[in-house]
Amino acid sequence: MLYRLCIDCLSVGFVDRIGYHAAMILAHAASAAGLICLTFLPDLLPDPFIGLLLSVATYALGGGLLEVMLSPIVEALPTDHKEKTMSLLHSFYCWGHVAVVLLSTVFFALFGLENWKIMTLIWALVPIYNLFVFRKVPLCTLTAENEETLPLMTILKRPAFWILMVVMTCAGASEQAVSQWASAFAEQGLGVSKSVGDLSGPMFFAVCMGSSRMLYGLYGDRLNLKKAMIASGILCIFSYCLISLSPGAAVSLLGCGICGFAVGIMWPGSFSIGASVLKGGGTALFSLMALAGDLGCSGGPTYVGFISDHAGGNLKFGIQMAVIFPALLMAGVLLLQNSQKSTRQK
C-alpha cells in the first residue's frame, strides 16, 4: 500500500506530461511484467525475498497507475450522467475481485497449488491484452476546450479540495474498515474453516458492493448523487451497528453484506462530486483523490485494529468506533452541497 501511495503522489506530475495513452500502456506493461517476474525472479536471485519484492513493486506500479488513470479517462467521455458511468466502471473492480478469487480457487482445486506459476501467467494475459487494445483506443481529454486546467497550487488553495480529500479518505476507510475483517465474521457466522472464511467473507462483501455500483450505474439518473451519498452513509452506520451490537456472528456477517452495499457508491461518487465541484482540476485532482482514498483504505482497518487491541481484542467494538468515517463523509458532502448553493446564488 505504501508503494501505491507513492505512485499516487508521483502521477500528479508526470501523467499529463507523457499523456494518457503512454500512461495506460506503461500501467498494463508494468502489471504484466510484475506478474511474469513473480514466476521466475525469486528463484533467479540469491535472496528470493528480493525477487518477490521487485516483482510485487513492478505490478503495484501498474495497479497504482491504473487506479489513477481509469477514473479521469471515464470522466472525460462525452456521456450524459457521468456519475452513472463512473459507478459502473468501479463495479468492475468488484467483479474482477470475485472472478480472480473464484477462477483461481477452481484452478488450484483441479491442478493443485504447486502449479501457481501457471495461474499467474494466465492472469498476466489480461494486462497484455489490454496493453494492445489501449494502443488504438481513442481517448478524450479531461478538460473541455473552453475550460482552463487549474494549476496544482490553485487546487490546493480551494477549501472545497480539502473537504473532498476528507470525503475521499472516509470513503476508502468506510469500505476497508469492514472489508478487511469480513473473513473473520464469515468463519464464525458460517462455522467454516479459516480458508473457506477467507474466501467467502470478502467475496460476499465484494458482490454486495459491486451490486450497489451496478444498480447506480444503471438507474443513477433517477437519483441525486449527493443525497444518495448521504443515504449510503446512514446505511453504512446502520450496518456498523448491526455488526458490532448483534449477539450472533451470522447477523454480523449479514451486516458486512449491508455495509458492502452501503459503501458501493462512496468511492466513485466522491470522484464524480470532485469533478463537478472543481472543474478543470484535471488529472492532478484525480491523482490526489486516489491518494486520499488509498490513505483511507490503509488507515480504516488500522484504526479498527488499534481500537480493538486496546479493547482487549474486541473487534466489534473497533468497528463500532469506525462510525466516525461515514459520519465525516456525510458532513463533507453536506458542506460541498451548501458551498455549491452559495456559489450559484452569488
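I started with histidine 81, which is partly exposed at a relative accessible area of 39%. For the record, buried means under 20% relative accessible area, exposed over 50%, and partly exposed in between, with a 1.4 Å probe and protein chains only.

Before going on, I noted what I'm working with. This is a predicted model, in which local features need pLDDT of at least 70 and side-chain atom pairs count only at pLDDT 80 or more, while totals for chains, interfaces and linings use all residues. Residues are numbered from 1 along each chain as its sequence is written, and side-chain values use heavy atoms, with hydrogens and water left out.

**Still on histidine 81**

I looked up where histidine 81 is placed: in the loop between H4 and helix H5 (82–111). Helices here are DSSP runs (H or I, at least four residues; strands are E, at least two), numbered from the N terminus. I then checked the backbone and found a positive phi of about 55° at histidine 81, although this residue is not a glycine. I jotted down the background: most residues other than glycine have a negative phi.

**Valine 74, back in H4**

Valine 74 is found in helix H4. Buried or exposed, I wondered about valine 74? It counts as buried, at 12% relative accessibility. Its contacts, leaving aside neighbours within four places in sequence, are Thr85, Met86 and Leu89; contact means heavy atoms within 4.5 Å. I also took a C-alpha distance: valine 74 and leucine 139 are 65 residues apart along the chain and separated by 9.1 Å.

**H4 against H14**

Next I took helix H4 (residues 48–75) with helix H14 (residues 282–310): the axes come within 9 Å and cross at roughly 130°. Axes are lines fitted to C-alpha atoms, for helices over the stretch in contact, and angles run from 0 to 180 degrees between N-to-C directions. So H4 is oblique to H14. The classes are: under 35 degrees roughly parallel, over 145 roughly antiparallel, 65 to 115 roughly perpendicular, and the rest oblique.

The H4 and H14 crossing is right-handed. A crossing is right-handed if the near helix is turned clockwise from the far one by less than a right angle, and left-handed if anticlockwise. I listed who meets whom: Glu67, Val68, Ser71, Pro72 and Glu75 from H4, against Phe286, Ser287, Ala290 and Asp294 from H14. By class, I get 4 nonpolar, 2 polar and 3 charged residues in the contact of H4 with H14. The classes put Ala, Val, Leu, Ile, Met, Phe, Trp, Tyr, Cys and Pro under nonpolar, Asp, Glu, Lys and Arg under charged, and the others, Gly among them, under polar.

**H8 against H14**

What is the angle between H8 and H14? They pack at about 40°, with their axes 6 Å apart. That makes H8 oblique to H14, and the crossing is right-handed. The H8 side includes Phe161, Met165, Gly172 and Ala177, and the H14 side includes Leu288, Gly293, Gly296 and Pro301. I sorted the residues of this contact into 13 nonpolar, 6 polar and no charged.

**H8 against H11**

For helix H8 (residues 159–179) and helix H11 (residues 225–245), the axes come within 12 Å and cross at roughly 30°. I therefore file H8 as roughly parallel to H11. The crossing of H8 and H11 is left-handed. From H8, Val167, Ala173, Ser174, Ala177 and Val178 meet Met229, Cys236, Tyr240 and Ile243 in H11.

How many disulfides does a search of the whole structure find? I got 0, a disulfide being a pair of cysteine sulfur atoms within 2.5 Å. Cysteine 236 is in no disulfide, and the nearest cysteine sulfur, that of cysteine 259, is 4.3 Å away. I also checked accessibility: cysteine 236 is at 0%, so it counts as buried.

Isoleucine 7 is found in helix H1 (residues 2–18) and is buried, with a relative accessible area of 6%. Not counting residues up to four places away in sequence, isoleucine 7 touches Leu61, Gly64 and Leu65. I have isoleucine 7 and phenylalanine 286 at 279 residues apart in sequence and 13 Å apart in space, C-alpha to C-alpha.

Glycine 96 is found in helix H5 and counts as partly exposed at 29% relative accessibility.
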